[in-house]
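This briefing goes through one protein chain by topic.

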Amino acid sequence: HLYNHIEIVKTIPVFPKFMVIPKREKKWINIDVQMKVLSFVPDEFVLPLELLFETGMRPGELRALKKNDFRDGYITVIKAFSENTLRQTTKTGIEKSYRISFLLWRKLMEHLQSKHSDSFVFTDRNGNPYRFKRLYSVWQVACKNADVDYVTLYNASRHSVASQIRQRKEREAVKEVSELLGHKNLSTTKKNYILSDRKEQ
């Protein structure tokens, strides 16, 4: 029996050990925090970051923008950078249009005045599009200087735009339910209305 036990043990495969990496929690920030961090961003990077925060476009799409992508208050996104390679399509292959607020559009038009139609919109002093890591490092330093827990630029823009819209819609829904149920205060309504979980800094 002992011999058979040894033989069985020998035939049991040894499986490799894997380290379990916990899933990184997604974060988002509200407009007040975005504005706070922006106040610590060097002037030349404020406009591109404002555009990211208003539209939620991918940083690679922002880096690929050219002056001729801006028309009549809209930005048409056709191309995108992947790392430092310019792709002829966006990540999803879909052309997108963004409607911009009047104030931001005016700032963009002022910025574009001296550029020719096929120029990249956001460039370094040599006229080259910002490198992939430049905006990220600027944002990281600004978070530190603003004494704000670091949130990646991707989360601070795309995830935050989505979460801000959801939060606004949830507030509108609470108000609608309050009117429907005839409550005087929203606190009463919230006892009947379950908000989805959210993480906000």
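The model is predicted: local features need pLDDT of at least 70, side-chain atom pairs count only at pLDDT 80 or more, and totals for chains, interfaces and linings use all residues. Residues are numbered from 1 along each chain as its sequence is written, and side-chain values use heavy atoms, with hydrogens and water left out.

The protein chain has eight helices and five strands.

**Overall layout**
- Read from the N terminus, the order of elements is α-α-α-α-β-β-β-β-β-α-α-α-α.
- The protein chain has 201 residues, and 36% of them count as buried; buried means under 20% relative accessible area, exposed over 50% and partly exposed in between, with a 1.4 Å probe and protein chains only.
- Of the contacts between residues at least 6 apart in sequence, 62% join residues at least 24 apart, where contact means heavy atoms within 4.5 Å.

**Sheet**
- Three strands form an open sheet in the order β1-β2-β5, with antiparallel pairing.
- Its edge strands are β1 (70-71) and β5 (96-99), each of which pairs on one side only.
- Two strands count as paired if DSSP finds at least two bridges between them; β1 and β2 (residues 74-77) are joined over two bridges in the antiparallel sense.
- Opposite Tyr74 in β2 stands Arg71.
- In general, strands of a sheet pair through backbone hydrogen bonds, either parallel or antiparallel.

**Helix packing**
- Helix α6 (residues 132-145) packs on α3 at an angle of about 95°, and their axes are 11 Å apart.
- Axes are lines fitted to C-alpha atoms, for helices over the stretch in contact, and angles run from 0 to 180 degrees between N-to-C directions.
- α3 and α6 are therefore roughly perpendicular to each other; angles of 65 to 115 degrees fall in that class, under 35 is roughly parallel, over 145 roughly antiparallel, and the rest oblique.
- On the α3 side the contact is made by Phe45, Pro48, Leu49 and Phe53, and on the α6 side by Arg134, Leu135, Val138 and Trp139.
- By class, this contact has seven nonpolar, no polar and one charged residues.
- Ala, Val, Leu, Ile, Met, Phe, Trp, Tyr, Cys and Pro count as nonpolar, Asp, Glu, Lys and Arg as charged, and the others, Gly among them, as polar.

**Salt bridges**
- The structure holds six salt bridges, each being a side-chain nitrogen of Lys or Arg within 4 Å of a carboxyl oxygen of Asp or Glu.
- One of them joins Lys107 and Glu50 at 3.2 Å, N to O.
- This pair links distant parts of the chain, with Lys107 in helix α5 (residues 102-112) and Glu50 in helix α3 (residues 43-55), 57 residues apart.
- Lys107 is partly exposed at a relative accessible area of 32%, whereas Glu50 is buried at 17%.
- Glu172 and Lys169 form a salt bridge with their closest N and O atoms 3.9 Å apart.
- Both lie in helix α7 (residues 153-181), three residues apart, about one turn of the helix.
- Glu172 is partly exposed at 42% relative accessible area, and Lys169 is partly exposed at 47%.
- Between Glu61 and Arg58, the closest N and O atoms are 3.6 Å apart.
- Glu61 counts as buried at 1% relative accessibility, and Arg58 counts as buried at 16%.

Definitions and conventions. Helix = DSSP H or I, 4+ residues; strand = E, 2+ residues; numbered from the N terminus.
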